[in-house]
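Subject: Structure handover

Hello,

Here is the structure I promised to pass on. Please open it next to this message while you read.

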Amino acid sequence: MNPVLKVEDLSIRLPEGADRPYAVNKLSYSLYPGEILCVVGESGSGKSMTANAVMGLLPKAIQVDKGAIIFDGKDLISLEEKRARDLRGNRISMIFQEPMTALNPLMRVEDQIGEVFLIHSDLSKQQRKARTLELLKDVGLPDPEKAMRVYPHQLSGGQRQRVMIAMALALEPSILIADEPTTALDVTTQAQILHLIKELQRKHGTAVMFITHDFGVVAEIADRVVVMQYGDMVEIGSREQVLNQPQHPYTKKLIAAVPPLSAPDREIEDRAGQSPALSVKSLCKTYVSPGGWFKPARTVHAAQDVSFDLYRGETLGLVGESGSGKSTVSRCIVRLLDSDSGEILLGGSAIQDLDHKALAPFRKQIQMVFQDPYASLNPRKTVGRIIADGPIAQGVPVAEAMDRARELLKLVELPETALDRYPHEFSGGQRQRVGIARALAHNPQVLVADEAISALDVSVQAQILELIDTLKKKLNLAVLFVVHDLRVAAQVCDRVIVMQHGKIVEAGNTKAVFEDPQHTYTQNLIASIPGADWRSEHQPTAVGQPA
Amino acid sequence: MSIQTLFYIGGRLIKGLLVLFVIAIFNFFLIRAAPGDPAKVMAGEAGAADEVFLQQLREQFGLDQPLYYQLWVYISNLVQFDMGQTYRQQMPVFDLIMDRLPATLLLTGTAFVLSLGLGVLVGVIAASNHRKWIDSAISVAALVFYATPLFWLALMAVLLFSVFLGWLPAFGMETVGANYTGWDRVVDIAEHLVLPAMTLGLFFTAVYARMTRTSMIETSRADFVKTAKAKGMSPGRVTFRHTLRNALLPVVTLAGLQAGQMIGGAVLTETVFAWPGIGRLMFEALFQRDYNLLLGVFFISSAMVVLFNLVTDIIYCLVDPRIELTK
Amino acid sequence: AEPTDGGTLNVVVQPEPPSLMIGIYSNAPTQQVAGNIYEGLLRYDKNLEPQPLLAKSWESSEDGTTWTFHLKENVTWHDGKPFTSADVVFSVDKFLRETNSRLRQSLEYVDSITAPDDYTVVFQLKEPFGPFIGLFETGTMPMVPKHIYEGTDYKTNPANHTPIGTGPFKFDEWQKGSYIHAVRNENYHQEGLPHLDEIYWHVIPDAASRSVAYETGKIDVLPGGSVENFDIPRLTGLENSCVTSEGWEYFSPHAWLWINNRNYPMSDKRFRQAIMYAMDREFAKNALWNGYGKIAKGPISSKTKFFDEDLPDYEYNPEKAKELLEEMGYDGTPVRLMPMPYGETWQRWAEAIRQNLSEVGIETDMVATDVAGWNQKLSDWDYDLSFSYLYQYGDPALGVSRSYISDNIAKGSPWNNVEGYANEKVDQLFDEAATAFPDSKRAELYKQVQQQLVEDVPVGWLLELEFPTIYNCKVHNLIDSAIGVNDAFGTAWIEQ
Amino acid sequence: MSILRKLSTNKVALFGLIVLVFLVLVAIFGPYLYETSPWKMVNRPFMPPMENTDLMLGTDTMGRDVLAGLVYGARISLLVGLISTLIALLIGVPLGATAGYFGGWIDEALMRFTEIFQTVPSFALAIVIVAIFEPSVYSITIAIALVSWPPVARLVRGEFLALRNQEYVLAARLNGQTNRNIILREILPNTLSPIIVMASLMVATAILLESALSFLGLGDPEIMSWGYMIGAARTVIRQAWWLSFFPGVAIAITVLALNLVGEGLNEALNPKLSGKRES
Ligand SMILES: Nc1ncnc2c1ncn2[C@@H]1O[C@H](COP(=O)(O)OP(=O)(O)OP(=O)(O)O)[C@@H](O)[C@H]1O
Ligand SMILES: Nc1ncnc2c1ncn2[C@@H]1O[C@H](COP(=O)(O)OP(=O)(O)OP(=O)(O)O)[C@@H](O)[C@H]1O
Ligand SMILES: [Mg+2]
Ligand SMILES: [Mg+2]
Ligand code: NI
């Protein structure tokens with residue numbers, strides 16, 4: 001079979017002052033009709049650059065240095081712009097990562113899709129409308145008639161991504177390039193979209209270049225896989241080959257870092273006699289977004305009758321889809337939010353109604369690690385101050401607090417020299433360590449980690465998870481681990497709580513919940529995990545251990 | 001337009017009226033803080049005056065009453081949309097302002113439309129030639145106009161176009177005494193309008209051009225522009241159908257804010273070009289301590305600002321489906 | 001050349017008058033326009049000699065206490081009603097007594113006004129009043145129609161908006177902020193007059209725009225003071241541009257520096273004299289007034305009757321000023337200088353004087369105000385040095401004494417004895433001079449007053465101002481009386 | 001400082017910066033070159049530029065040295081611009097910070113208050129304030145400040161609204177820091193860049209405003225400023241173009257330089273515009 005697309009010795013130069021000279025270096029591979037080729041690699045490895053080069057959408061400052069991209073016998077790089085335009089959106093189309101921003105907010109769905117026909121065909125208005133409707137039906141939008149008339153902001157993320165797909169497939173292109181199309185979506189939505197892409201690809205025989213950093217997704221849909229690192233292609237091969245017998249050490253490392261889906265056996269301590277470090281009873285929180293003049297107020301029950309106990313030395317997972325209320329619960333617990341009703345007992349004392357002053361002593365006992373390693377550190381403060389400011393605010397002398405900060409840095413495995421540096425001088429993983437050190441500065445008993453690893457690359461995730469685990473044991477912490485990635489939950493949590501629409505639908509020991517989910521929602525959730533089959537039966541590799 | 005929108009507009013109007021009301025009170029006291037009073041000014045112009053004359057005038061104007069009473073009278077009249085009498089011209093303030101308002105609206109309206117149209121056009125040209133010489137040329141020109149004092153431009157324009165070249169009338173709104181009617185009159189007014197509208201508009205053209213340029217450049221980096229390009233659209237089409245519409249949103253907001261403010265900003269232009277508008281009226285009223293008139297002008301121009309802001313909001317809502325006129 | 005009829009005259013009026021009802025509003029711009037609509041009984045030629053207008057003749061008794069006026073018989077108001085002696089009695093005795101504060105003071109000397117018949121009016125004075133015959137000019141004593149105003153509230157009478165007079169031009173339209181339009185009065189009582197068809201008074205608030213308007217031919221007449229002095233040489237240098245300083249004889253504007261005599265250091269005569277020596281008035285005249293005007297020697301203008309030629313001069317002499325200051329032991333207390341907010345020239349003048357004073361060691365703080373604030377501060381005596389210029393109205397009793405007699409020290413007006421100078425001798429001399437008879441006796445008394453005042457320097461006399469009127473040479477006979485452009489343009493005509 | 005380094009890579013901004021530094025030097029040291037005041041009448045009036053080497057830019061209506069006026073004026077124009085901006089910041093920043101940080105009715109009340117100042121046409125308000133409190137350097141500065149703070153308040157409020165739920169702010173709250181500390185130490189430093197950019201542009205606007213007020217005759221009569229010079233020269237523009245030309249150019253250049261620097265700062269501080277990827 002002849003490839004539909006051939007990338008030959010492609011090098012893309014980065015502007016001066018970038019972290020490396022080439023975004024993509026001497027890249028060669030082919031894409032065959034009807035196959036799904038996954039391009040994986042960590043952030044910044046040049047995945048998007050390749051895709052953009054194919055589409056001719058490279059930023060002005062970035063130039064193709066050498067090489068060719070052959071499509072239909074023509075080199076896309078040297079092709080004159082007008083001819084290339086005829087191919088774009090017609091023979092080759094693309095969908096992007098952020099469904100929220102990839103659609104023009106000022107145009108109706110119908111017009112945005114219709115535009116493709118307008119540019120590349122001479123269908124009449126009626127025909128365009130009919131085709132658009134058909135497409136929307138194809139991608140499984142509920143009530144496509146109505147969907148035609150709405151604006152993007154009136155659709156959910158998954159729905160928008162469906163619109164994008166409809167747009168991309170409008171003219172039955174030979175190639176579809178999908179740049180991380182599911183990264184911003186929920187597991188269940190992700191599963192649906194992946195399914196949709198696969199189905200449409202089969203139906204139309206489209207060749208798909210699928211960019212992702214998630215090996216689960218690769219396992220789910222790939223025919224062949226390209227692995228990239230720092231602009232180099234380090235490995236290429238069939239899915240089975242790459243996933244199960246990786247050759248290159250980098251690939252091995254990446255794959256090893258993916259936690260298996262099955263929960264390891266854990267010793268279940270009997271807590272009967274112990275008193276919980278944190279006890280939540282019937283917590284309720286409702287958001288009321290104020291209505292305007294004659295606009296009905298919108299109420300969201302983000303937490304309804306949430307109860308659980310958390311003991312020292314255990315990790316309790318809080319899982320559920322986006323919007324299920326996980327963050328709400330964790331923020332109520334640390335009193336960043338005021339709950340409506342229920343009790344929060346910290347070491348036996350009720351803290352839910354304490355005011356700013358009375359709360360101060362309890363602040364030391366419960367601390368939080370945040371999600372975004374970039375947003376959670378004040379860019380204008382040195383790492384030392386970031387860690388020490390909490391104790392200083394509580395009355396600890398500055399010198400003492402700084403000494404303690406130094407110790408903490410050692411604890412989270414950062415060099416002491418970090419003390420006087422600013423957050424932007426650190427990588428994401430290192431920053432998250434600083435965040436943890438800050439949380440530990442007060443010697444808390446309870447640590448709440450809200451999606452503390454979601455923003456990190458897989459390999460870094462593993463390190464942070466390990467750190468938290470070590471610290472937990474060393475300091476006998478009670479950890480509330482909020483996470484949406486079930487693979488992670490399965491690995492690190494002793495017990496899990498599953499939330500849906502603000503309610504707890506299932507709770508229990510991790511292994512029990514994963515192996516025998518009781519609630520249909522939990523079952524559904526687990527089934528949606530991409531690549532669920534891959535590595536689930538595998539012997540669990542210890543977290544973070546290099547393969 | 002939905003009922004909700006109507007309610008929204010109603011609500012905004014009520015809020016606006018409240019603001020205006022506070023402004024009226026604030027201005028009332030502000031103006032009374034000035035030394036001198038209208039009677040003195042008028043007596044002063046007479047070149048001779050005694051206490052009797054002053055007292056007569058004050059009585060006539062109601063200035064002999066205690067301040068709180070004057071405020072009460074003013075506010076209770078205002079609530080009935082009566083702004084009182086001017087001291088000098090002895091006519092209802094409202095009538096006088098309405099006499100002058102059309103001139104100002106004509107001037108600022110023309111300047112506004114011109115500057116917005118031209119500014120957006122130039123801004124788009126600059127943005128689509130980002131980092132090329134034409135972009136630099138436009139940016140420099142816009143900056144120079146932005147940095148040059150308005151009155152200076154006005155003076156230079158008069159020198160050049162009226163005195164040396166003799167192409168355009170230097171002042172006034174129409175040829176006095178020519179008694180043109182119909183089309184001739186329109187042409188006559190248009191001729192008079194060119195210089196003041198140009199000087200007033202140039203600054204704002206620069207403002208809009210700069211703003212449009214920045215906004216266009218920023219928007220052209222948005223994901224949906226990439227989507228549009230990925231559809232295989234020509235750059236022109238991408239610019240006009242996708243980038244421009246989104247890039248115009250902040251320009252619309254700014255323009256709305258400035259449309260109202262322009263009325264106050266026209267004082268300079270109206271003075272240099274002897275344009276019989278309310279900017280000049282305000283300036284004169286201030287120095288004549290014509291309290292009622294000054295308050296009236298302030299009230300009306302603030303009302304214009306409120307009105308323009310509301311109109312902007314409505315336009316914004318029409319352009320941007322994400323905004324709902326409900327909060 | 002022979003006058004030709006017809007044509008439109010375009011004049012600048014600055015600022016826009018508050019009203020055209022000259023009986024109530026006696027300021028300059030009002031008179032400039034309304035002087036064409038209303039008339040007084042007499043007008044004055046450039047030597048201040050009375051000429052007939054609504055009165056065709058007049059005579060006084062031997063002792064100067066009874067004045068009889070014979071009115072013209074063919075005069076009608078603009079609305080067609082005849083003008084009679086009843087109108088005169090109403091205007092002077094009722095209307096103006098109530099509304100015109102300047103005339104009211106002079107009318108104190110009048111015992112009664114009677115009309116023996118329709119065309120005769122008799123003024124009976126309590127005692128002889130020197131300047132009496134100088135009171136009949138339009139701005140001072142305009143005739144207003146009795147049939148319209150009698151029994152109404154004069155200030156709010158709607159007719160104030162549509163003035164009705166007897167003058168050569170009829171009010172037509174007032175576009176507020178733009179122009180005032182008057183048209184020829186077909187039934188004017190002087191045969192063959194007026195020559196012009198119509199007059200436009202243009203309101204152009206900016207001085208530079210006014211001169212452009214003149215240059216571009218939109219305006220024919222720039223009355224004195226309507227353009228900046230700096231522009232005068234340029235404008236008069238234009239082709240077909242004429243200029244005259246005439247037409248200010250009646251007013252003879254006299255500029256001086258108010259010196260607040262109440263406060264140290266101005267309370268010291270030597271300080272005030274030092275100021276006189278410190279000021280370079282010649283420079284100011286040349287740099288600021290383009291050489292127009294004449295340096296004022298004392299309180300009375302050289303154009304006014306009773307001016308004393310032999311007064312001593314205060315020449316520019318900083319050394320002398322310093323000596324005087326030393327002599328008085330001036331301690332360097334800074335004084336406040338409040339410029340007159342009447343345009344650039346006055347602002348510059350203040351800057352020049354500030355510099356003059358600083359050179360002899362008097363430090364000044366400038367106080368900026370606008371017209372209202374300036375009025376207020378002067379009337380409250382809250383100033384050290386300031387400016388003013390006042391009209392002389394052809395007679396010291398009308399225009400001079402008011403600034404120096406101690407009776408006139410009263411807060412609340414910027415037009416009286418604001419400097420707070422009180423000298424019994426001066427009071428007495430002024431008082432006698434006003435009612436002395438005949439003129440030779442008055443002259444003697446005024447001479448004494450002038451000597452005394454110049455010695456005391458209650459105010460710092462600056463300049464006898466001249467406001468040259470600039471006009472297109474095609475306009476003829478523009479100024480034919482002592483009040484110039486403030487009088488009617490009845491005899492003016494335009495070369496076609 | 002990295003901002004300076006970034007600025008120095010932007011040629012246009014660097015040019016603006018150099019001009020600005022030069023102006024500041026003139027403003028600080030220039031007056032020492034003249035022993036006497038700029039009001040001194042040194043020669044005959046209306047002397048054109050270059051006629052006398054001592055008076056390079058000629059003399060004005062009263063024979064005063066135009067160059068001396070320009071040099072002294074630089075000080076005043078820059079000072080009025082700077083101080084009024086400073087005052088505007090002192091009003092706008094705390095107000096915006098309080099409104100944005102606390103939200104709720106405090107925000108509502110403060111924003112209504114701001115709205116009042118935004119609704120009155122600002123130039124007109126400035127005129128009235130100066131006229132009423134009588135033209136002096138103080139009243140002019142205050143009037144300019146009073147009409148220019150609302151945008152600052154809005155900007156700061158917006159920034160605070162956006163930042164107050166940033167995770168590092170939440171962390172500070174969890175740490176038990178006081179509201180004052182959070183506002184001053186955590187949030188405010190992170191809003192500085194847009195504030196600096198806005199301030200640099202406000203200085204420019206303030207200089208223009210001052211000159212516009214002077215043009216209308218509302219300048220401080222005690223002080224030689226560029227605005228005064230144009231205002232005074234406006235009536236003689238036909239006789240002596242140089243009198244309004246040079247101060248006009250001085251204003252334009254200053255404002256231009258400030259704008260260039262402001263824009264440069266904006267580009268350097270705002271990653272969205274710098275053409276580089278955010279990270
Ligand atoms: N507009 C740009 N200007 C300069 N450098 C860029 C630009 N866009 C990307 N780069 C650089 O090019 C390299 C490759 O980036 P690319 O976007 O292809 O990575 P990626 O693999 O898609 O990463 P991610 O998973 O984060 O999307 C990176 O080093 C990045 O910093
Ligand atoms: N400040 C708020 N005002 C109104 N509604 C809110 C607010 N914060 C959250 N919500 C709503 O409450 C619900 C629960 O939100 P929450 O952030 O707790 O979810 P989550 O489980 O943490 O989701 P994610 O995985 O996306 O972080 C959602 O429907 C959300 O839209
Ligand atoms: Mg990417
Ligand atoms: Mg969350
Ligand atoms: Ni609607």
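Below are my notes on the ligand site, the chains and some backbone details.

This is a predicted model, in which local features need pLDDT of at least 70 and side-chain atom pairs count only at pLDDT 80 or more, while totals for chains, interfaces and linings use all residues. Residues are numbered from 1 along each chain as its sequence is written, chains are lettered from A and ligands numbered from 1 in the order in which they are written, and side-chain values use heavy atoms, with hydrogens and water left out.

Ligand 2

The residues around ligand 2 include Y287(A), V300(A), E321(A), K326(A) and E451(A); a residue is near a molecule if one of its heavy atoms lies within 4 Å of it. By type, this shell holds three nonpolar, six polar and three charged residues. Here Ala, Val, Leu, Ile, Met, Phe, Trp, Tyr, Cys and Pro count as nonpolar, Asp, Glu, Lys and Arg as charged, and the others, Gly among them, as polar.

Polar contacts are pairs of N or O atoms within 3.5 Å; within protein, one must be able to donate a hydrogen and the other to accept it, and residues adjacent in sequence count only if both atoms are side-chain atoms. A polar side-chain atom of T328(A) is 2.4 Å from an oxygen atom of ligand 2. From the backbone, an N or O atom of G325(A) lies 3.0 Å from a ligand 2 oxygen, and a polar atom of S324(A) lies 3.2 Å from an oxygen atom of ligand 2. Taken alone, ligand 2 exposes 640 Å², and the protein buries 62% of that (Shrake-Rupley method, 1.4 Å probe; for residues, only the protein chains shown count as cover).

Which elements give two or more residues to the shell around ligand 2? They are strand 12 (298-310) and helix 11 (326-333) of chain A. Helix 11 of chain A has the largest share, with three residues. Helices (H or I, at least four residues) and strands (E, at least two) are DSSP runs, numbered from the N terminus.

Chains

Five pairs of chains touch, and chains B and D have the most contacts among them, a contact being heavy atoms within 4.5 Å. Chains A and C share no contact, and their closest C-alpha atoms are 44 Å apart.

Chain B has twelve helices and zero strands. Its C-alpha trace spans about 85 × 55 × 40 Å along the principal axes. Of its 327 residues, 56% count as buried (under 20% relative accessible area; exposed is over 50%, partly exposed in between; 1.4 Å probe, protein chains only).

Backbone details in chain C

Most residues other than glycine have a negative phi, and most peptide bonds are trans. The bond from Q14(C) to P15(C) is cis, with omega near -10°, and P15(C) sits in the loop between strand 1 (8-12) and helix 1 (28-34) of chain C. L193(C) and P194(C) are also joined by a cis peptide bond, with omega about -10°.

L48(C), not a glycine, has a positive phi of about 65°. L48(C) counts as buried, at 16% relative accessibility. S252(C) has a positive phi near 35° and lies in the loop between strand 12 (241-244) and strand 13 (254-259) of chain C. S252(C) is buried, with a relative accessible area of 2%.

Regards
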